[in-house]
Amino acid sequence: MLRAMIVDDEAPARSELRFLLEQTGKIGTITEASSVRSAIEMLMESRVDVVFLDISMPGASGLQLAEALHKLKNPPAIVFVTAYSDHAVEAFDVDAVDYLMKPVEEARLDRAIEKVMQRAKPVTDSKVTIERIPVEKGGRKVLIPVDDIRFIMAKDDYSCIYTVDDRFLSTTSLAQFEAKLCDFGFFRVHRRYIVNLACVTDVETVPSGAIQLGITGADERVPVSRRRVVPLKKALSL
């Protein structure tokens, strides 16, 4: 499952592309940035496999970001997604994997993802293994083993980390947790929830037709957004 980032200054375009990516079942996590600057900040926090990048944006352009990423030792794959065809030559000068025109066609997007997957190479020398998550509690820095985390919920400006017997607050965003924990079996099931798939005990369809998850050691059930039902079932082999 690929880790993806969408960089586009238009929220509707980001939402549409996210939906299409989720339907492929090949994308594990998706983060979004509305500018080159915010994309750089997120990329400094966590690694992604592919960046779906618009070209024409206020401030720095997508081509400038691609040029900067191309100079990295292990850069993410770049797939340009734009309404303009006149930058294709420049795009491939920065070794872009593909160049998609808006509105994006599903079949065309699938081919682009296949190209990314074919080019992907395992990176072992620069990957940092995260086994514990640092949080503040009672004025102390507490290190929570990743395996102890049952699910994480976004609440106001904080993320609530639920373990088997406690709860912790963190200022780390849910998107950042999603990127950091995707290799440890965690899955974004809702805009407000990330769950440890190893702790999912049952999948229930409630009368409204919505899906809810039972989690080991948790009294409350976790909702699943409609967009995430198909990729979740694939992740759980249902």
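Rings of Phe, Tyr and Trp, the last through its six-membered ring, are said to pair if their centres lie within 6.5 Å; a pair is stacked if the planes are under 30 degrees apart, edge-to-face if they are over 60 degrees apart, and tilted otherwise. The model described here is a predicted one.

## Aromatic pairs

A pair of aromatic rings is described by the distance of the centres and the angle of the planes. Three aromatic pairs are found when the whole structure is searched. In the pair of F80 and Y99, the ring centres are 6.3 Å apart and the planes stand at 45°, so this pair is tilted.

F151 and Y162 form a stacked pair, with 4.5 Å from centre to centre and 15° between the planes. This pair too links distant parts of the chain: F151 is in strand β8 (residues 149–155) and Y162 is in strand β9 (residues 158–163), and the two are eleven residues apart. Ring pairs also join F151, Y162 and Y193 into a cluster.

| Residue | Relative accessible area | Class |
|---|---|---|
| F80 | 0% | buried |
| Y99 | 10% | buried |
| F151 | 1% | buried |
| Y162 | 16% | buried |

An α-helix has 3.6 residues a turn, so residues three or four places apart point the same way. In helix α2 (residues 36–45), the residues V36, S38, A39 and L43 are buried. These residues cover an arc of only 160° around the axis, and therefore lie on the same side of α2. Which exposed residues does the face turned away from the buried side of α2 carry? That face has R37 and M44.

## Helix α1 and its partners

Helix α1 (residues 11–24) packs with helix α7 (residues 226–235) at an angle of about 30°, and their axes are 8 Å apart. Angles under 35 degrees count as roughly parallel, and α1 and α7 are therefore roughly parallel to each other. The crossing of α1 past α7 is left-handed. On the α1 side, the contact is made by S15, R18, F19, E22, Q23 and T24; on the α7 side, by R227, R228, P231 and K234.

K233 also lies in helix α7. With a relative accessible area of 37%, K233 is partly exposed. K233 and G25 are 208 residues apart in sequence, and their C-alpha atoms are 9.6 Å apart in space.

How do α1 and helix α5 (residues 106–119) pack? Their angle is about 65° and their axes are 10 Å apart. Angles of 65 to 115 degrees count as roughly perpendicular, and α1 and α5 are therefore roughly perpendicular to each other. The crossing of α1 and α5 is right-handed. Here L17, L20, L21 and T24 of α1 meet E106, L109, D110 and I113 of α5.

Technical notes. Residues numbered from 1 in each chain as written. Predicted model: local features only at pLDDT ≥ 70, side-chain atom pairs only at ≥ 80, totals over all residues. Heavy atoms only, no water. Buried < 20%, exposed > 50% of the residue type's maximum accessible area, 1.4 Å probe, protein only. Helix = DSSP H or I, 4+ residues; strand = E, 2+ residues; numbered from the N terminus. Arc of directions from axis to C-beta. Axes fitted to C-alpha atoms, helices over the stretch in contact; angles between N-to-C directions. Parallel < 35°, antiparallel > 145°, perpendicular 65-115°, else oblique. Left-handed = near helix turned anticlockwise from the far one by under 90°. Contact = heavy atoms within 4.5 Å.
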